[in-house]
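Thank you all for making time this morning.

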Amino acid sequence: MKRTEVEHILRAAKEIAGEDEFILLGSQSVLGAFPDAPLALRRSIELDIYPKHHPEKSDLIDGAIGERSLFHETHGYYAHGAAPETARLPAGWENRLVRISSENTGGAVGWCLDVHDLAFSKLAAGRPKDVEFVMNLLRHNLARQTRINLLIEQEQTAEIKRLVIERFTVVISKLRPNHGIRP
């Protein structure tokens, strides 16, 4: 997905939901801070999104411009109507959101996850593609190991913390021999 495609989805979501502000979760929220992120981080054709003030309206978005919709068939990408509980996020994530708004968003504002919060959520999800995404964030120097570690340290749920530490340890061990990542 490209930043212009995210902006297109925001424009469409505004019309569908009658809302102006949206939270963008998932891998494509990397495009908030890094509009020209490497292709390895932009592989997904799905944008996880929900209206910031009325998350219950995400079903409208999913139905109109979601997977297998005419929008998807026409453009090759789509919105997935998400919910606030879709992603496990670290404390304070709302204070670190990155804003997307331009002429291309038609007055809609997209609030993207900070890349470190995104990395944490990917590690919490733990699917192979999520772990690979975190490796690519570090490999391309878009995130810092120390900032991710700080978020992990602040996690209050012991089981989540244990899983995230375990997964992040694997990521770091795979990257260390091959690539000088920023601490």
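Before anything else, a definition that we will need: a crossing of two helices is called left-handed if the near helix is turned anticlockwise from the far one by less than a right angle, and right-handed if the turn is clockwise. Please also keep in mind that what you see is a predicted model.

With that in hand, let me start with H6 and helix H8, the latter running over residues 158–175. H6 passes H8 in a right-handed crossing, and the residues that make the contact are Val131, Val134, Met135, Leu138 and Arg139 on the H6 side, with Phe168, Val171, Ile172, Lys174 and Leu175 on the H8 side. Sorted by class, this contact of H6 with H8 has 8 nonpolar and 2 charged residues, and no polar ones. The axes of H6 and H8 come within 10 Å and cross at roughly 50 degrees, which makes H6 oblique to H8.

H8 has another partner, helix H7, which covers residues 145–154, and here the axes again come within 10 Å but cross at roughly 165 degrees. Since angles over 145 degrees count as roughly antiparallel, H7 is therefore roughly antiparallel to H8. This crossing is left-handed, and in it Gln145, Ile148, Asn149, Ile152 and Glu153 of H7 meet Lys161, Val164, Ile165, Phe168 and Ile172 of H8. By class, the residues of the contact of H7 with H8 divide into 6 nonpolar, 2 polar and 2 charged.

Let me now go back to H6 and look at its pairing with H5. The axes of H5 and H6 come within 8 Å and cross at roughly 150 degrees, so these two helices are roughly antiparallel to each other. H5 passes H6 in a left-handed crossing, with Val115, Leu118, Ala119, Lys122, Leu123 and Ala125 of H5 in contact with Asp130, Phe133, Val134 and Leu137 of H6. Of the residues in this contact, 8 are nonpolar, 2 are charged and none is polar.

That brings me to the largest pocket, which holds about 540 Å³ of space. Which elements supply at least two residues each to its lining? They are strand E2, at 46–51, helix H5, at 115–125, and helix H6, at 128–139, and the largest share, 5 residues, comes from H6. The lining has 25 residues in total, and those nearest the centre of the pocket are Ser27, Lys122, Arg127, Lys129 and Asp130.

Terms used
Residues are numbered from 1 along each chain as its sequence is written. This is a predicted model: local features need pLDDT of at least 70, side-chain atom pairs count only at pLDDT 80 or more; totals for chains, interfaces and linings use all residues. Side-chain values use heavy atoms; hydrogens and water are left out. On a 1 Å grid over the protein atoms alone, a cavity is a set of points where a 1.4 Å probe fits but cannot get out, and a pocket is an open set with protein on both sides within 12 Å along at least five of seven lines; lining residues have an atom within 4 Å of a point. Grid points are joined across faces, edges and corners, and a volume is the space filled by probe spheres set on the points. Helices (H or I, at least four residues) and strands (E, at least two) are DSSP runs, numbered from the N terminus. Axes are lines fitted to C-alpha atoms, for helices over the stretch in contact, and angles run from 0 to 180 degrees between N-to-C directions. Angles under 35 degrees count as roughly parallel, over 145 as roughly antiparallel, 65 to 115 as roughly perpendicular and the rest as oblique. Contact means heavy atoms within 4.5 Å. Ala, Val, Leu, Ile, Met, Phe, Trp, Tyr, Cys and Pro count as nonpolar, Asp, Glu, Lys and Arg as charged, and the others, Gly among them, as polar.
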